[in-house]
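Subject: Structure handover

Hello,

Here is the structure I promised to pass on. Please open it and keep it beside you while you read.

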Amino acid sequence: MDKLSIDTIKIKDNRLEIIFKISGRWKQYISDTNFYCEYNKSIKNLPESLAVVPLLGNILPIAWVYHLKIKIKRMDEDFYNNLSEVMDGYINMYPSITFYDCLEVGELEKNGDGHSYKTACFFSGGVDAYYTFLRHRKENPVLVTVWGSDVALDDYKGWKKVNNAVKEAGLTYGAENCIIKSNFREIVNANALTAGLQHPGWSWWHEFQHGIGLITLMAPLSYADKIGRLYIASSYTADVKNLTCASDPSIDNHVRFNGCEVIHDGFDTNRQGKVRYIVEFAKQNKTSVDLRVCWVSRGGKNCCICEKCCRTMMAIYLEDGLLADFGFHGENTTLIKIARNMKYKNSALSRDWDVLHDRFLEKYTLSTVPKEWKWFYRGGTDSINNNLVFLIVKFSKKVIFRLKKIKRKGISA
Ligand SMILES: [Zn+2]
């Protein structure tokens, strides 16, 4: 019997804890049967039918893909009624996988009075999040940040800087902050789940968990805080071919609970378009927008050296924004330094650089393009990705990696 069922649900002030039981093959895929999420406000009186939603959002895809049973006594009617459309989103995205519906529910409960009161949006301080927040700022959305998502639960330093940054944004724009702490990533055995997919390049978190997993953490708050609409910022755009990502409009937009609708926002606008909107907003409002895009630096500032920092700085530059107004400071923010850091870092240029290249071509001619970036104007991403030196270094790194692996195996044998 491959079955998962709930043993105990504890709700105390701002904390929800669910202890569940598993049998059979579930044991391969679950690392911890004690799930929790904490909020920076009280969720007392939360109905059981909504309390189970955050856990379900993180385990349902496992049940669907690995043909495992889940038994639930009471469930929110909205959530249940929309699950088949959520699953359809996955089915269309992964036609090579068979999805099984093995959910058994005792009783459905109608929650929410149908009135939408407040809106909320997930917020990390990056380009996608700021674009979604600023675009909907007149709705006064609550800024929702999750500890346990991109920042691990034992990364206190990393969390401190994210927490400070999002709270600063809240103060600047007069927006309320909602902080959620949850072990939703840790309860699943991501390595086993990824291995079971047998598809190089896919990961369970990116391909199957993070959309519905994050969204459903908001179910208790939709009740406690009367949130009727939740935005989740897109990382991709509709024009990306063969995109596989758990957070997609075809999935996210169908998740619903307690009368709260979910909107996957910004899918129609690429990163350059989002940066343009943010730069325009800052100019019109004579303000600055403290973007935090860097995951390399310590202490909360953008490093201005890594690929993501360089890419974002160039995007801002191309929209005639002053880098210092958008969280990029110091000696590495000049055009020549950014070009040098990209040329000699030996990291391949991603598809986002193609979008930047299009903007270069649109904005400049060969005679007007800044001389430091003529190489990129001429050659686009090929100027690095197909550069002989880059290819040799890449090849050498691969060989060294293989040799080290063989040596390690030799020692352990
Ligand atoms: Zn950086």
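Below are my notes on its domains, sheet, core and a few residues.

First, the ground rules. This is a predicted model, where local features need pLDDT of at least 70, side-chain atom pairs count only at pLDDT 80 or more, and totals for chains, interfaces and linings use all residues. Residues are numbered from 1 along each chain as its sequence is written.

**Domains**

The domain assignment gives domain 1 (3-265) and domain 2 (287-388). Such bounds come from an automatic or database domain assignment. The two centres, taken over C-alpha atoms, are 33 Å apart. Across the boundary, 9 residues of domain 1 are in contact with 9 residues of domain 2. Contact means that the C-beta atoms, placed from the backbone, lie within 7 Å.

Which elements give two or more residues to the domain 1 side? They are α5 (127-135) and α6 (156-173). Helices (H or I, at least four residues) and strands (E, at least two) are DSSP runs, numbered from the N terminus. α6 gives the most, with 5 residues. By type, this side of domain 1 has 3 nonpolar, 3 polar and 3 charged residues. Here Ala, Val, Leu, Ile, Met, Phe, Trp, Tyr, Cys and Pro count as nonpolar, Asp, Glu, Lys and Arg as charged, and the others, Gly among them, as polar.

**Helix α5**

α5 is mostly covered, with 8 of its 9 residues buried. Buried means 20 or more other C-beta atoms within 10 Å of the residue's own, exposed means 12 or fewer, and partly exposed is in between; C-beta atoms are placed from the backbone. Among the buried residues are Val127, Tyr130 and Phe133. Their cover includes β6 (118-122), β7 (142-147), α11 (271-284) and α12 (307-318).

**Sheet**

10 strands form an open sheet. Their order is β5-β4-β1-β2-β3-β8-β7-β6-β9-β10, and the pairing is mixed. Two strands pair if DSSP finds at least two bridges between them. β5 (103-109) and β10 are the edge strands, each pairing on one side only. From one strand to the next, the twist averages 20 degrees.

Look at β3 (residues 34-39) and β8 (residues 177-182). They run antiparallel and are joined by 3 bridges. Cys37 has Ser182 in β8 as its bridge partner.

α4 (residues 77-93) touches β4 and β5, and its direction makes about 135 degrees with that of β4. α8 (residues 204-216) touches β6, β7, β9 and β10, at about 150 degrees to the direction of β9. Axes are lines fitted to C-alpha atoms, for helices over the stretch in contact, and angles run from 0 to 180 degrees between N-to-C directions.

**Core**

The largest nonpolar core has 103 residues. Such a core is a set of buried Ala, Val, Leu, Ile, Met, Phe, Trp, Tyr and Cys residues joined through C-beta atoms within 7 Å. Helix α3 (residues 53-66) gives the largest share, 9 residues. Leu143 is one of the residues with the most contacts inside it. Leu143 touches residues including Cys121, Phe133 and Val166.

**Lys71**

Lys71 lies in strand β4 (residues 69-76). Is Lys71 buried or partly exposed? Lys71 is partly exposed, because 14 other C-beta atoms lie within 10 Å. Not counting residues up to four places away in sequence, Lys71 touches Lys3, Ser5 and Glu104. Ile6 is 65 residues away along the chain, yet the C-alpha atoms of Lys71 and Ile6 are separated by 7.6 Å.

Best wishes

How values were computed: Contact = placed C-beta atoms within 7 Å.
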